[in-house]
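Let's walk through this protein together, one piece at a time. Have the sequence and the 3D view ready, and follow along as we go.

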Amino acid sequence: MNSLYTLSNVAATEQLALTLSQCVIKQVSTVIYLEGDLGAGKTTFSKGFIQGCGYNGKVKSPTFTLLEYYQIETVTIYHFDLYRLADAEELEYLGIRDYLEKPAIWLIEWPERGRGILPKADIHISIDYHLQDEAMRIMTIAARSETGVHIMQLLDK
């Protein structure tokens with residue numbers, strides 16, 4: 001199950017992220033992969049998503065730390081940016097197995113760099129530049145599990 005969105009600007013990206021967050025927050029645990037070129041909007045999407053889940057503080061990019069986490073009422077959100085990861089095994093040094101022990105929402109930018117170590121995606125998001133207008137983005141949101149299908153059904157309502 002896939003849905004395609006044309007996003008005209010940053011505000012549209014943030015709004016779609018907020019809408020998706022309201023579908024995901026109701027799930028026990030969800031893994032979301034975010035793929036796209038540098039500057040495509042993965043972190044912008046993540047910030048909108050985290051704020052949409054109810055986080056009121058500053059959302060920091062985990063580009064240098066690899067991981068930022070947010071506790072929002074009873075939900076934990078792990079925001080990974082694996083761009084600087086040299087080898088997937090480095091995730092073991094971060095103690096990734098400890099994070100798997102409790103339900104959480106995982107937002108993972110550059111998931112291909114953690115292949116073989118990361119949990120499987122429920123939702124896979126690809127963000128591409130629009131061919132005629134570089135300010136616009138084309139976003140594909142795809143379900144990769146039963147949980148993902150359920151989320152997509154909520155999103156498409």
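**A guided walk through the fold**

Helices here are DSSP runs of H or I with at least four residues, strands are runs of E with at least two, and both are numbered from the N terminus. Before going further, please note that this is a predicted model, in which local features need pLDDT of at least 70 and side-chain atom pairs count only at pLDDT 80 or more, while totals for chains, interfaces and linings use all residues. Residues are numbered from 1 along each chain as its sequence is written, and side-chain values use heavy atoms, with hydrogens and water left out.

Helix α2 itself covers residues 42-52 and is mostly covered, with eight of its 11 residues buried. Buried means under 20% relative accessible area, exposed means over 50%, and partly exposed lies in between (1.4 Å probe, protein chains only). The buried residues of α2 include Phe45, Phe49 and Ile50, and also Lys42.

Now step back to the whole chain. The protein chain has five helices and seven strands, and from the N terminus on they run β-α-β-α-β-β-α-α-β-β-β-α. For 157 residues, a compact globule would have a radius of gyration near 15 Å, and the protein chain agrees at 15 Å. That radius is taken over C-alpha atoms, and the globule rule is 2.2 Å times the number of residues to the power 0.38. Of the 157 residues, 50% count as buried. Contact means heavy atoms within 4.5 Å; among contacts between residues at least 6 apart in sequence, 67% join residues at least 24 apart.

Next, look at helix α1, residues 10-24. In α1, Thr13, Leu16, Ala17, Leu20, Ser21, Cys23 and Val24 are buried. They cover an arc of only 155° around the axis, which puts them on the same side of α1. The arc is that of the directions from the helix axis to the C-beta atoms. At the start of α1, a side-chain oxygen of Asn9 comes to within 3.2 Å of the backbone nitrogen of Ala11.

Helix α5, residues 146-155, has Gly148, Ile151, Met152 and Leu155 as its buried residues. Seen down the axis, they fall within an arc of 100°, so they line one face of the helix. Their cover includes α1 along with β1, β2, β6 and β7. Ser145 caps the N-terminal end of α5, with a side-chain oxygen 3.3 Å from the backbone nitrogen of Thr147.

Strand β6, residues 123-129, holds His124, which counts as buried because its relative accessibility is 14%. Which residue's side chain does His124 join through a polar contact? The partner is Arg144, at 3.5 Å. A polar contact is a pair of N or O atoms within 3.5 Å; within protein, one must be able to donate a hydrogen and the other to accept it, and residues adjacent in sequence count only if both atoms are side-chain atoms.

Our last stop is Leu85, in the loop between β4 and α3. At 6% relative accessibility, Leu85 counts as buried. Leaving aside residues up to four places away in sequence, Leu85 touches Leu66, Glu90, Leu91, Arg113 and Gly114.
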